[in-house]
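User: Please take a close look at a single part of the model below and give me one connected account. Start with the overall layout, then go to the detail.

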Amino acid sequence: MSKGAYTYNLEKLGEPGKDRMRFELGDTMVEGLSDTTALTDEEIQAAIQAHPKSWKRAKLMLLESICRRFAYEVDTKTGPMWLYMQERAKAWREDYEKLKKEVSVESCSIPQSGNGERPKPPYFYAGMQRNERAWGI
């Protein structure tokens, strides 16, 4: 089994790819390899390739993976130093939940027509026969 690569190039942040995803996730401390980095380059690339048309879905896939990975970590005390691992897991979970809501709302939005324009609103709609003047509203 290969270990995987852990790289980060600041010069490529403008391009949609591994380095930008690392930046957005805050997973940029690659110097310590798997000790300081949550994801390998290959995991990030796989998520981007799995969702080529949706950056947010790829990011959501990676956040879910991180949440599952860190869910079992516990707070640890080594001498006078505390490592608050549950706080880290909680931060990743909050990012995941927030993005999950965004993706869910976007997937329920009005579909676009084949030419990229939004369709015209329907002629009939709920409440169209409501007469505010008749009810004194």
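Predicted model: local features only at pLDDT ≥ 70, side-chain atom pairs only at ≥ 80, totals over all residues.

From the N terminus on, in what order do the elements of the protein chain run?

Analyst: Residues are numbered from 1 along each chain as its sequence is written, and side-chain values use heavy atoms, with hydrogens and water left out.

The elements run α-α-α-β-β-α-α from the N terminus on, which comes to five helices and two strands. Both kinds of element are DSSP runs numbered from the N terminus: helices are H or I with at least four residues, strands are E with at least two. The mean pLDDT (the predictor's confidence in each residue, from 0 to 100) of the protein chain is 80, and 82% of its residues reach 70 or more. Confidence is highest in α2, at a mean of 93, and lowest in helix α5 (residues 132–135), at 67.

Of the 137 residues in the protein chain, 22% are buried; buried means under 20% relative accessible area, exposed over 50%, and partly exposed in between (1.4 Å probe, protein chains only). The chain exposes about 10700 Å², of which carbon and sulfur atoms supply 56%. Accessible areas come from the Shrake-Rupley method with a 1.4 Å probe, and for residues only the protein chains shown count as cover. Contact here means heavy atoms within 4.5 Å. Of the contacts between residues at least 6 apart in sequence, 45% join residues at least 24 apart.

A nonpolar core is a set of buried Ala, Val, Leu, Ile, Met, Phe, Trp, Tyr and Cys residues joined through side-chain atoms within 4.5 Å. The largest one has 19 residues, and M21, L25, L39, L62 and W92 have the most contacts inside it. At least two of its residues come from each of α1 (18–25), α2 (41–50), α3 (55–70) and α4 (85–107). Helix α3 gives the most, with seven residues.

Now to α3, residue by residue. W55 lies in this helix and, not counting residues up to four places away in sequence, touches P16, G17, R20, M21, E24 and I48. The C-alpha atoms of W55 and M21 are 8.8 Å apart in space, across 34 residues in sequence. R20 lies over the face of W55, at 4.8 Å from the ring centre. A charge sits over a ring if NZ of Lys or CZ of Arg is within 6 Å of the ring centre and within 35 degrees of the ring normal. The structure holds zero aromatic pairs; rings of Phe, Tyr and Trp (its six-membered ring) would pair with centres within 6.5 Å, as stacked with planes under 30 degrees apart, edge-to-face over 60, and tilted for the rest.

A58, also placed in α3, is buried, with a relative accessible area of 1%. With neighbours within four places in sequence left aside, A58 is in contact with M21, A47, I48 and H51. A58 and A46 are 12 residues apart in sequence, and their C-alpha atoms are 8.7 Å apart.

K59 is buried, at 17% relative accessible area, and contacts M21, E24, L25 and L99, leaving aside neighbours within four places in sequence.

Further along α3 is C67, which counts as buried at 6% relative accessibility. C67 touches W92, R93 and Y96, not counting residues up to four places away in sequence. From C67 to R88 the separation is 21 residues in sequence and 9.6 Å in space, C-alpha to C-alpha.

Aside from neighbours within four places in sequence, L39 is in contact with Y6, R22, L25, D27, I44, L62, S65, I66 and R69. Y6 is found in the segment before α1 and counts as buried at 16% relative accessibility. Among the residues Y6 touches, not counting those up to four places away in sequence, are R22, V30, L33 and L39. Y6 and T28 are 22 residues apart in sequence and 9.1 Å apart, C-alpha to C-alpha.
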